[in-house]
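Please open the model in your viewer and keep the selection panel at hand; the stops below go from one chain to the contact between chains and then to the other chain.

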Amino acid sequence: MSVSSEGVLRPLPVRRRRNRFVTWLASDTRAAVSLAFLLALASLSVLANVIAPYSPLEQSMDILAPPSAAHLLGTDDLGRDVFSRLIHGGPMSLYASFLAVSVGTLIGLPFGVLAGYLGGWVDTAVSRVIDTILSCPSIVLAIAVTGALGIGLTNSMIAVGIVFSPGLARLIRVQTMIVKGELYVDAARTFGMSTGRLVWRHILPNAIQPVIVQVTLLLATALLAEASLSFLGLGVQPPNPSWGQMLARAYAYMEIAPEQMYAPGFAILFTALAFNALGESLRSLLDPTRRRSD
Amino acid sequence: MSARTLRLIGWRLIQVVPVIVLATFAVFGLLQLVPGDPAAVIAGETATAERIAQIREMLGLDLPLWQQYLHWLGGAVRGDLSTSLITGLPVIDEVLRRLPNTLLIVFLALILAISIAVPLGILAATHVEGKVDRLVTSIASLGVAVPNFWVGMILVGFFALSLGWFPTTGAASLFEDPGAALRHAALPAIALASSGIAEITRQLRSSLIEVLSSQYVRTLHAKGLSQGAILWKHGLKNVSLTLLTVIGLVFNRTLGATVAIEAVFAIPGTGSLVVTSATNKDFPVVQGVVFVLVLIVIFCNLVIDILYSILDPRMNKK
């Protein structure tokens, strides 16, 4: 740390934050491994065109070939390189997960805060709507909404986001109700702070922590939903590669080339595991009263 | 059953009504999400103007919104969920014909999940931080993250194609041929149970740990009660309510997750129905399936709520 000319300690907060970050990763190997895995996946996704040995759409006469030096994971039913398609499926899955979770947060957060802060009939109305939407099996609702919006990756993930929103709204609603009763909120109100500013400056920052955890866990749910929807032909459309859709193709040719269904499946499993491990770790980091493995 | 319990059940029944009304709004509103003119979208790009007009009239899309809703609701109350745009058959018949296939694998999966997860959860909670606990929590983390349809594919590859123990695809009626029905439903149910096992194990474990480390359990220890008696008489009694809630949640999720499983095993259930009709823009069928499934979940939640108030005497005093 250094003391600047005005006598203010400048670099301290940054340094302390970095230290906390390092301590966190050092104390939680699973979180560190997960984060490393996700960063690797993200860079692989950005550099997909450079790293993938073939174009994901390039067909060849070499159909359903077993793994070899030329094709690390073999080729699919159209002679496309499975390894290249797997790498190009990464950005699709990450895009899908983040899109769904963003849509869910953007819809769920305002409603939840509103219901929790205002209370009364607004709260009753919003809560009833939340209960109703949550009574519908989420994937079925996502499929119905995708059907209405039109089939495709972006639409299906908007649908998944819509399905996520009531759960997030319910979570932030409870948190808002807790924070609303805190003394500093009353204090800010007596100072004459406007409601909008009060919510933005005091309530949201103090209520958001469980939402951050939930959002991380939902990334895994979104990833699995994308895989399911693409598997069912409602998500990523051919010829574009996605892990779920690769599984669907592999399944169709399972009797001839059963090994093709392993790579995309493990890709989905590991990515979902990483999101979940990160979420659980964040939970115990943000809430020290909870045990790590809860 | 006391008069109080009966009154409570009555009150819960009344509370269900607004949820069902809201559900009809939501299901009806699905069609409003279609961008542009729904009739033109449904008819497809190559449709003639007559076909579009025909669809518009059939769905009542030329009427004001509230009249459309009342028309749909009037039908739904009488058990008429409109007709399929593709087959022209009543939606309700198709849904009811397929529902048993779906419910069979969902209930089998649920039974499987409970009977595997409950021992696992107890085992983990009584060996906290030990080897057994770590193994169980790892299995649970895997179960949450694994795509269930992939589990289904692997099961088919191994048990159906390689070993030939089970049929690969299809379904049989439980009433006509129970043996064949169960053989067909076994692999889908196992695949479907994977996330339920994980969820129930985790919740049971953490709430049992909480109960076992509570003050009154310590008192029971001090009183000289044996470990086993504490677990069976006090621990499990206290977590049974959590268990009930989780089972309700898992039922809802399993009912959704069955969609991909039905695709893997080519089961003619409601899941595959909703996928084909969403793909073909057969919206009356999509709405019908969603509505029936929502009603099932609402009914299931109601039963759980009532069981809750019977099991937990504290709820009655309120």
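What percentage of the 294 residues in chain A do buried residues make up? Buried residues make up 45% of them, where a residue counts as buried if 20 or more other C-beta atoms, placed from the backbone, lie within 10 Å of its own, as exposed if 12 or fewer do, and as partly exposed in between. Before going further, note that this is a predicted model, in which local features need pLDDT of at least 70 and side-chain atom pairs count only at pLDDT 80 or more, while totals for chains, interfaces and linings use all residues. Residues are numbered from 1 along each chain as its sequence is written, and chains are lettered from A and ligands numbered from 1 in the order in which they are written.

Select chain A and colour it by secondary structure: there are twelve helices and zero strands, with helices (H or I, at least four residues) and strands (E, at least two) taken as DSSP runs numbered from the N terminus. The C-alpha trace of chain A spans about 75 × 55 × 35 Å along its principal axes. Among its contacts between residues at least 6 apart in sequence, 66% join residues at least 24 apart, a contact being two residues whose C-beta atoms, placed from the backbone, lie within 7 Å.

Next, show both chains, where 43 residues of chain A are in contact with 43 residues of chain B. On the chain A side, α5 (120-134), α6 (138-149), α10 (209-231), α11 (243-252) and α12 (262-286) each supply at least two residues, and the largest share, eleven residues, comes from α6(A). By class, this side has 28 nonpolar, eleven polar and four charged residues, with Ala, Val, Leu, Ile, Met, Phe, Trp, Tyr, Cys and Pro counted as nonpolar, Asp, Glu, Lys and Arg as charged, and the others, Gly among them, as polar.

Now select residues 131-145 of chain B, which form helix α6. The buried residues of α6(B), including Val136(B), Ala140(B) and Val144(B), pack against α10 and α12 of chain A together with α5 (91-126) and α8 (178-212) of chain B.

Finally, colour chain B by domain: domain 1 (1-86 + 280-311) and domain 2 (94-270), with bounds that come from an automatic or database domain assignment. Their C-alpha centres lie 30 Å apart, and 13 residues of domain 1 are in contact with ten residues of domain 2. The domain 1 side of that contact has ten nonpolar, three polar and no charged residues.

Note on methods:
The expected span of a helix is 1.5 Å times one less than its number of residues.
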